[in-house]
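Reader: I have the sequence and the coordinates open. Could you take me through a few local features?

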Amino acid sequence: LCIIIYSIMWRHKFKILAVVIVVYLFLVLLHNYMDVSTRTELHTTLLVKALGDLQAKSANVGVSFYSPLSSSIKETQEIVSNLFKKSAELQHAFSNTFDKFTIVMPTYNRTETLSTIFHHYCEMPDIIDQIVVVWNNIGELVPQKVQEYSCKVPIKFLLQKTNRLINRFIPYPEIKTDCVLSLDDDRLVPKEALQFGFQVWKNSPHLVVGYVARTHGRKNGKYYYRKRTVRHGEKYSIILTVAAFLHVKYLDLFTNVAPQEIRDFVNKYQNGEDLGMLAVVSNHLSKIDEPQCACLWVREECQSTKLSDHGLHKQSHHFEERTECLNMLSDIYGTLPLQYCSLEVRKTKKRND
């Protein structure tokens, strides 16, 4: 195109204009090429960067990851920062700190386990900024022995007016860090696993990074939730927010920007808040970049340990409601925003040889 325009303009003695137009077109093409060439599957490059960072920080611990995709090492913090800044909803995404994270833990009828939870996480002031307990025991005051628990990490109790699952995703002003660990009140994640997961998140803060993966399927034009555990090498599309890191601005996106139908569904069925959050994140990333995996599975040998085996997931209709939630999300967005993910990241001990 440049050659044709140049020839026509030159033949009609518009030599200077010909040169200007050709140079302009060349710059436009170069800009477009550079823009396309810098686009990448962010979850792949961010993980590779995390691999390099973590290996450099420890002589005894390495990182292994599985992916059928090819990848290359790139500087990605700037890419992620630019992605957030492209969004009007998240322009102030990097106003806090990356040094520590805040635990946001909803609790309901499990007061007896809180001392065990506190005993575990209170010994981690180097990585935890504070523990925000979302008190869903409506009409019940926090017991004095729980409220006055001696802890190296500040504990704040936020008394709620209604017991709702979406309370865990409210952008409480008490949260002062960029990173939030969404945590159930019966989950104990070892410190080493938390440190590793947090480091992975810091290299991929646009993703939901967690320890428990699930996936979904499609049959006869309808989506369905797969309840079984995802195995090594299998694709996944869901990270359960029972123990997952995510950016604090996604709380605002879920609570104040996402379609009201999502929150209404969660309030009605007391189910699907994690699916809704992942759909919101996936849809957001697809709008500012392209459809892509919105989560990352940290596959640790030492998984989260549950203190109690009683919960909403034990209800007979729990998985049917999650299937209904997936199809509701598909109706809202025109298609299900969740994308299949291939990457797994895991810490491994280096061999002496």
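**Surroundings of T102**

Author: Leaving aside residues up to four places away in sequence, T102 is in contact with D129, Q130, V132, I175, K176, T177, C179, V180 and L181. Please keep in mind that this is a predicted model.

Reader: Which strand does T102 lie in?

Author: T102 is part of strand β2.

Reader: And is T102 buried or exposed?

Author: T102 has a relative accessible area of 0%. The cut-off for buried is under 20%, so T102 is classed as buried.

Reader: With which side chain does the side chain of T102 make a polar contact?

Author: The partner is the side chain of T177, at 2.8 Å. T177 is also among the residues that T102 touches.

Reader: Let us move on to β8. Why is β8 described as largely enclosed?

Author: Strand β8 covers residues 213-219, and five of its seven residues are buried, so the rest of the structure largely encloses this strand.

Reader: How many bridges join β8 to β9, and how do the two strands run?

Author: Five bridges link β8 to β9, which spans residues 222-226, and the two strands are antiparallel. One of the pairings places R218 with Y223 in β9.

Reader: What about β10: how many bridges join it to β8?

Author: There are two bridges between β8 and β10, the latter being residues 238-239, and this pair also runs antiparallel. Within β10, I238 stands opposite R214.

Reader: Back to β8 and β9. What do they form, and how many residues are between them?

Author: The two strands form a hairpin with two residues between them. N220 sits in that turn and has a positive phi of about 55°.

Reader: Is N220 buried or exposed?

Author: The relative accessibility of N220 is 74%. Exposed requires over 50%, so N220 counts as exposed.

Reader: Which value does phi take at N109?

Author: For N109, phi is near 55°, which is positive although the residue is not glycine. Most residues other than glycine have a negative phi.

Reader: Where does N109 lie, and what is its relative accessibility?

Author: N109 belongs to the loop between β2 (101-107) and α5 (111-121). Its relative accessibility is 47%, so N109 is partly exposed.

Reader: One last topic, helix α10. How many residues does it have, and how far does it reach?

Author: Helix α10 consists of 16 residues, 273-288, and spans 23 Å from first C-alpha to last, close to the expected 22 Å.

Reader: How many residues of α10 are buried?

Author: The count is 14 of 16, and α10 is thus mostly covered.

Terms used:
Residues are numbered from 1 along each chain as its sequence is written. This is a predicted model: local features need pLDDT of at least 70, side-chain atom pairs count only at pLDDT 80 or more; totals for chains, interfaces and linings use all residues. Side-chain values use heavy atoms; hydrogens and water are left out. Buried means under 20% relative accessible area, exposed over 50%, partly exposed in between (1.4 Å probe, protein chains only). Helices (H or I, at least four residues) and strands (E, at least two) are DSSP runs, numbered from the N terminus. Two strands pair if DSSP finds at least two bridges between them. The expected span of a helix is 1.5 Å times one less than its number of residues. A polar contact is a pair of N or O atoms within 3.5 Å; within protein, one must be able to donate a hydrogen and the other to accept it, and residues adjacent in sequence count only if both atoms are side-chain atoms. Contact means heavy atoms within 4.5 Å.
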